[in-house]
Amino acid sequence: PEESVPIVEVYKKDKPFQITRRKKRNRKITFLITAVATAALLALIIFIIQQQRSTYIANRIVVVPFENKTGDESLEMLGQMAAEMITQGMSQISEIETMPFISVMDSYSKKKEKSSVLMIAEQNNAGVLITGSYYLQGEMLFFRGSIMDAEQEKLIEELSPIKGSSKTQDEIIGRLCSQVLGALAYYFKYDV
């Protein structure tokens with residue numbers, strides 16, 4: 001009988017130790033589960049935010065008025081004419097989605113800084129932005145155009161300058177429009 005008492009006492013001494021170990025193990029497991037669930041939740045939130053930000057539509061194109069670098073305010077309308085003519089030409093192509101020039105012009109007239117042409121593309125969810133400028137050298141009028149990936153903010157193609165007499169503005173803008181449509185046909189792989 002004396003031997004059984006110490007065994008009971010030893011058992012009683014070990015039991016709190018086992019309970020403490022079990023509690024510590026349970027806390028560790030609870031902590032790990034909480035940490036994994038928190039990490040998964042954060043990953044899901046980041047994914048959702050990125051998906052919401054990435055609303056650019058790859059085949060939607062916005063054309064902003066070309067920038068007047070002639071120094072002649074009487075030629076200001078040429079940039080709008082060029083953008084509108086390109087927009088009208090693109091509207092005939094079923095493979096791409098063209099933003100109406102009137103809505104682009106509304107956004108453009110509200111812009112506060114030159115770099116916000118990318119913001120106009122973003123506001124319209126346009127994956128492609130067409131922009132450019134025009135300038136005078138003597139009696140020669142030059143147009144330069146650019147096609148950009150608006151989401152990546154990188155140049156797709158810098159178009160060759162179109163030039164002609166400043167007296168043949170409509171013809172120059174027509175050639176610019178043809179050049180832009182040809183570049184888009186190549187980029188989007190459709191027939192002109």
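A residue counts as buried when its relative accessible area is under 20%, and as partly exposed when the value lies between that limit and 50%. By that rule Phe142 is buried, because its relative accessible area is 13%. The model described here is a predicted one. Its protein chain comprises 5 helices and 7 strands, which follow one another along the sequence in the pattern α-β-β-α-β-α-α-β-β-β-β-α.

**Chain as a whole**

- Of the 192 residues in the protein chain, 35% are buried.
- When contacts between residues at least 6 apart in sequence are considered, 60% of them join residues that are at least 24 apart.

**Helix H2**

- Helix H2 covers residues 77-90, which makes 14 residues, and the span from its first C-alpha to its last reaches 20 Å, close to the 20 Å expected at 1.5 Å a residue.
- The buried residues of helix H2 are Leu78, Gly79, Ala82, Ala83, Ile86, Thr87, Gly89 and Met90.
- An α-helix has 3.6 residues a turn, so residues three or four places apart point the same way.
- The cover over the buried residues of H2 includes strands S1 (57-63), S3 (97-98), S4 (126-137) and S5 (140-149), together with helices H3 (101-109) and H5 (169-188).

**Aromatic pairs**

- A pair of aromatic rings is described by the distance of the centres and the angle of the planes.
- The structure has 4 aromatic pairs under the rule applied here.
- In one of them, the rings of Tyr134 and Phe143 have centres 5.0 Å apart and planes at 20 degrees, so this pair is stacked, and both Tyr134 and Phe143 are buried.
- Tyr135 and Phe142 also form a stacked pair, with 5.2 Å from centre to centre and 0 degrees between the planes.
- Within that pair, Tyr135 is partly exposed because its relative accessible area is 22%, whereas Phe142 is buried at 13%.
- Ring pairs also link Phe66 with Tyr134 and Phe143, so that the three residues form a cluster.

**Thr131 in strand S4**

- Thr131 has its place in strand S4, and its relative accessible area of 15% means that this residue is buried.
- Apart from neighbours within four places in sequence, Thr131 is in contact with Val64, Phe66, Arg144, Gly145 and Ser146; one of these, Phe66, also belongs to the ring cluster with Tyr134 and Phe143.

**Charged side chains**

- Side chains of opposite charge can pair when their charged atoms come close.
- The structure holds 1 salt bridge, in which the side chains of Glu97 and Arg60 meet at 2.6 Å, N to O.
- Because Glu97 lies in strand S3 and Arg60 in strand S1, the pair ties together parts that are 37 residues apart in sequence.
- The two partners fall into separate accessibility classes, since Glu97 is partly exposed with a relative accessible area of 32%, while Arg60 counts as buried at 14% relative accessibility.
- Both of these strands, S1 and S3, are among the elements that cover the buried residues of H2.
- Elsewhere, Lys189 lies over the face of Tyr186, at 5.0 Å from the ring centre.

Definitions and conventions:
Residues numbered from 1 in each chain as written. Predicted model: local features only at pLDDT ≥ 70, side-chain atom pairs only at ≥ 80, totals over all residues. Heavy atoms only, no water. Helix = DSSP H or I, 4+ residues; strand = E, 2+ residues; numbered from the N terminus. Expected span 1.5 Å × (residues − 1). Buried < 20%, exposed > 50% of the residue type's maximum accessible area, 1.4 Å probe, protein only. Contact = heavy atoms within 4.5 Å. Phe/Tyr/Trp six-rings, centres within 6.5 Å; stacked < 30°, edge-to-face > 60°. Lys NZ or Arg CZ within 6 Å of the ring centre and 35° of its normal. Salt bridge = Lys/Arg side-chain N within 4 Å of Asp/Glu carboxyl O.
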